Amino acid sequence: MQPRNMSMSGVVDLAAVKAAQEAKAKAEQARAEAARQGGGTGAVSPADLVIDVDEAGFERDVLQRSTEVPVVIDFWAEWCQPCKQLSPVLERLATEYGGRFVLAKIDVDANQMLMQQFGVQGIPAVFAVVAGQALPLFQGAAPEQQIRETLDQLVQVAEQRFGLTGLAVDPDAEPGGADEAPQAPAGPHDALLEAAVRALDAGDMGGAIQAYRNVLGEDPGNMEAKLGLAQAELLQRVGAMDAQQVRKDAADKPDDAAAQIAAADLDLVGGHVEDAFGRLVDAVRRTAGEDRDAARLRLLELFEVVGAEDPRVTAARRALARALF
């Protein structure tokens with residue numbers, strides 16, 4: 001298994017959007033297959049939220065499990081003193097978060113191959129696997145508040161992007177002896193959201209946009225549809241661009257709001273989030289009237305793509321306020 005990095009701060013490039021959508025679809029298929037075979041996720045014991053994992057069990061205990069719940073991986077060793085500070089904190093938080101993630105502990109001395117596959121340079125090192133995708137969280141014995149903030153973001157990403165709501169925990173359940181529990185009923189808009197994912201997979205941005213709009217027409221507060229719509233509209237705009245010409249126009253016409261808006265879309269899709277935001281804040285500062293409104297509104301749309309909790313969005317909002325007032 002070769003891990004893939006995934007940004008938790010919003011999908012910002014074509015490959016990441018497609019990978020996220022594909023991973024979500026695979027997670028849903030895996031959960032459906034488990035339900036058909038009578039192996040659906042039931043209530044688990046708190047002791048089942050912290051597990052020891054080795055190379056032989058990695059596929060089952062981490063990759064397969066990550067289609068049901070985020071799996072946080074703690075790379076540690078007996079001789080590592082910072083590990084002895086961090087591991088108890090992670091174990092306590094795994095219980096406190098009540099099934100919203102599972103903690104997998106990997107002894108690097110006994111599992112060198114996994115350490116190499118994740119590119120671990122030093123320990124303690126903490127990663128996560130969500131719907132089969134690996135992402136680095138932090139390295140070293142981080143402060144508990146920072147760990148909590150990171151876990152909160154992880155849980156939010158897992159739920160909003162991949163539909164992973166975690167495991168039910170029964171404090172009286174025996175470890176490893178999960179009882180059968182009824183599957184949660186499908187949401188009222190699941191079929192439309194699935195149709196949007198299929199359209200994205202097929203490169204049909206217009207179909208995806210319409211499917212997301214249909215959901216929002218009935219449920220204006222649906223976060224998954226809001227995020228999906230913002231991403232699909234961005235991809236549709238960029239897909240119709242001549243990137244080289246857009247870049248030339250933006251360089252030649254620094255005061256042209258339309259040129260800067262188009263270039264900001266390219267910046268974001270290319271992963272240059274601060275560049276996209278800074279370009280549009282400058283456009284707001286340089287222009288007036290309808291041009292200024294257009295740059296401001298596009299900036300707000302790109303905030304939706306990246307996610308309101310991202311610190312780059314918070315900083316750009318402050319910069320926008322200064323530009324406006």
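1. In helix H12, the buried residues are Ala295, Arg298, Leu299, Leu302, Phe303, Val305 and Val306. Viewed down the axis of H12, these buried residues fall within an arc of 155°, so they line one face of the helix. The model under discussion is a predicted one.

2. Helix H12 spans residues 289-306, 18 residues in total. From its first C-alpha to its last, H12 reaches 26 Å, close to the 26 Å expected at 1.5 Å a residue. Just after H12, Gly307 adopts a positive phi of about 115°.

3. Which elements cover the buried residues of H12? The cover includes H5, helix H8 (223-239), helix H10 (257-269), helix H11 (273-286) and helix H13 (311-324).

4. H5, one of these covering helices, comprises residues 144-162 and also packs on a sheet, where it touches S2, S4 and S5. The direction of H5 makes about 165° with that of S5.

5. The sheet itself is open and consists of five strands in the order S1-S3-S2-S4-S5, with mixed pairing. Strand S1 (50-52) and strand S5 (133-139) stand at the edges; each has a single partner strand, so one side of each is left without a neighbour in the sheet. On average, and with direction ignored, neighbouring strands are turned by 25° against each other.

6. Ile51 stands opposite Ala104 in S3. Helix H3 (residues 81-96) also packs on the sheet, touching S1, strand S2 (71-76), S3, S4 and S5. The direction of H3 makes about 160° with that of S2.

7. A further point concerns the aromatic side chains. If ring centres must lie within 6.5 Å for a pair, the count comes to six aromatic pairs. Why is the pair of Phe58 and Phe118 classed as edge-to-face? Their ring centres are 5.9 Å apart and their planes stand at 75°, so the pair meets the edge-to-face description, for which the angle must be over 60 degrees.

8. This pair links distant parts of the chain, its members being 60 residues apart. Phe58 belongs to helix H2 (residues 58-64), whereas Phe118 lies in the loop between helix H4 (112-117) and strand S4 (125-130). Both Phe58 and Phe118 are buried. Together with Phe75 and Phe127, Phe58 and Phe118 form one aromatic cluster.

Conventions
Residues numbered from 1 in each chain as written. Predicted model: local features only at pLDDT ≥ 70, side-chain atom pairs only at ≥ 80, totals over all residues. Heavy atoms only, no water. Phe/Tyr/Trp six-rings, centres within 6.5 Å; stacked < 30°, edge-to-face > 60°. Helix = DSSP H or I, 4+ residues; strand = E, 2+ residues; numbered from the N terminus. Buried < 20%, exposed > 50% of the residue type's maximum accessible area, 1.4 Å probe, protein only. Pairing = 2+ DSSP bridges. Axes fitted to C-alpha atoms, helices over the stretch in contact; angles between N-to-C directions. Contact = heavy atoms within 4.5 Å. Expected span 1.5 Å × (residues − 1). Arc of directions from axis to C-beta.
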